[in-house]
Amino acid sequence: MSEDVFGIDLGTTYSAIAHMDEYGRPQIIQNRDGQNTTPSVVYFESASNFVVGQEAKNGARVYPDETVSLIKREMGEKNERIFFDEPFYPETISSLILKQLVAEAQEATGSTSSRVVITVPAYFGLAEKEATRHAGQIAGLDVVGILAEPVAAALSTGITSAQDKCYFVYDLGGGTFDCTVLRTAQDTFEVVATDGNRKLGGADWDEALFDLVLSKFVQEKGIDDDPAADPEFYQGLMNDVESAKKTLSKKEKARLRCSYEGVQGVVNVTREEFEAATRPLLNETLDIVQRTLDAATAKEPGLSIDEILLVGGSSRMPQVAAGLSSRFPWPLRNTEFDLAVAEGAAIYGNGVQPAVSDGAGSEDSAPAAGLPGLGSGQEIVLDGRQVTFTNVLSKSVGVLFFNKETEEDYIGFLAHAQDKLPIHTTMTAFTIRDHQTSVEVQLYEQSGETESREVEHNKRITPEGVDPRITGLPDLPEGSPIELTLSITNEGLASLRAVEPTSGHELTLEASLSPMQPEELEQARGIVSRMSISI
């Protein structure tokens, strides 16, 4: 490569950035605090300054209304926050984290490159993936790849496509849980099945431990009101709880000091108590593991797992290895936990061919469909070999239908989660009444963890500002056919073509990939470009 490509693990609670060193090895780039990871927390100091990282996290108790954390859980959603009279969406806030990471990496390495590969959970849907790409572009970066986190983690362990093996990646991060069945063979990295929960992670273990400590403190000291209602107490104890969780991964006991309105005390917590309090959370991850395995074996009966790779900082907790070993027979392999994904992204980025995108919105910029990465089938060079990355559809995609018997809307799915990409499928729908001269077509994507026909469990992805109707049709009787064709590319981009065969009238819809409209993206670029990093 003629230019450095930074690999970025844009995490829910912590983020990391890496590059390939002069010896061709992935290397984590430490931040200005000398740490390998940076808290994914943003403090809005003024209209022109922001703070990212530990300082922002430390100040959250003092400036709770100006501090944002866990923003990754909102990616792909139209959630707006206002700071200093300016709108900030999840993409915009994430872009500030990316901007800080790259600025510090450039400073540490002397590189001027803005080329990056950003990782995402494998189960991210269309909107979440595109939101991540937009976050990079808002930050002024050249996003040359969007890569699935499990694939990145596997790359970091030295797994190669020359090996004919099947791995299960268990990735428990700070705010998201991701698990994937990944096969390597014949110069291919193939995702067989994937699943997860974008709102389950180490932060939930922190909350459970917080509740345990708070309950003990209140009971032991006879406090009548709720100390957690005090923002300073809450933030202070949350910081201590995070440290105590790490302690309980190494020791059997942890001690926490609590102080509230002059009442002080020391709370002792054992690992056994912590694991009992969080067992439902662990069991939820194990149930998702089983669900993923069931999906993989349904596709490929007789499939056998060679190893389970443990990824994510929260996978260090002893209960994770114990829980997996109690239910599944395969050997466990530790990775570098919270560093593996960024390192794997750097390895991947080093093999991406140059001039994929300039990320700046120029005429030469690659469109979303041209990006390498998550399921793109993109060939890159690894250890001198051409390697292909393939993926599956992470969320089911369907069309809004009407049931005349129940008089209710429902979603009829044309493509299902775990279907191998690319997808090209057809379905015949029918008009629902006589004299129908128009047909409305609405495209939806699964939003829950499992496929559901109920409309509220799905997300409308019909493009904004587009009339989703075929009009001017002949006077059709009830039951007249409408031919639907759904195509989903290797990149996971969906389009739907609806045709009324007698007239030949048709409608083509491309999925609305981002909740942000073009004018909002342009506004966000302007806002972020004017903002400086506080050092």
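User: Which residue in β18 does Leu309 stand opposite?

Analyst: In this predicted model, Leu309 stands opposite Arg333 of β18. The strand made of residues 307-311 is β17, and β17 pairs with β18 in the parallel sense over four bridges.

User: And what order do the strands of that sheet come in?

Analyst: The sheet is open and has seven strands, which follow the order β18-β17-β12-β13-β14-β20-β19, with mixed pairing.

User: Why is one side of β18 and of β19 left without a neighbour in the sheet?

Analyst: Both β18 (332-337) and β19 (379-382) stand at the edges, where each has a single partner strand, so one side of each has no neighbour in the sheet. On average, and with direction ignored, neighbouring strands of this sheet are turned by 25 degrees against each other.

User: Switching to helices, which strands does α7 lie across?

Analyst: Helix α7, residues 271-299, lies across β12 (165-172), β13 (177-185) and β14 (188-197), and its direction makes an angle of about 140 degrees with β14.

User: OK, and the largest nonpolar core, which residues touch the most other members there?

Analyst: That core has 49 residues, of which Phe168, Tyr170, Val181, Leu209 and Leu324 touch the most other members. Helix α7 gives the most to this core, with nine residues.

User: What is Leu324 in contact with, leaving aside its neighbours within four places in sequence?

Analyst: With those neighbours left aside, Leu324 is in contact with Tyr170, Leu286, Val289, Ile308, Leu310 and Leu332.

User: How many residues are in the other core?

Analyst: The other core, which lies apart from the largest one, has 40 residues, including Tyr89, Ile97, Leu101 and Tyr123.

Key: Residues are numbered from 1 along each chain as its sequence is written. This is a predicted model: local features need pLDDT of at least 70, side-chain atom pairs count only at pLDDT 80 or more; totals for chains, interfaces and linings use all residues. Side-chain values use heavy atoms; hydrogens and water are left out. Two strands pair if DSSP finds at least two bridges between them. Helices (H or I, at least four residues) and strands (E, at least two) are DSSP runs, numbered from the N terminus. Axes are lines fitted to C-alpha atoms, for helices over the stretch in contact, and angles run from 0 to 180 degrees between N-to-C directions. Contact means heavy atoms within 4.5 Å. A nonpolar core is a set of buried Ala, Val, Leu, Ile, Met, Phe, Trp, Tyr and Cys residues joined through side-chain atoms within 4.5 Å. Buried means under 20% relative accessible area, exposed over 50%, partly exposed in between (1.4 Å probe, protein chains only).
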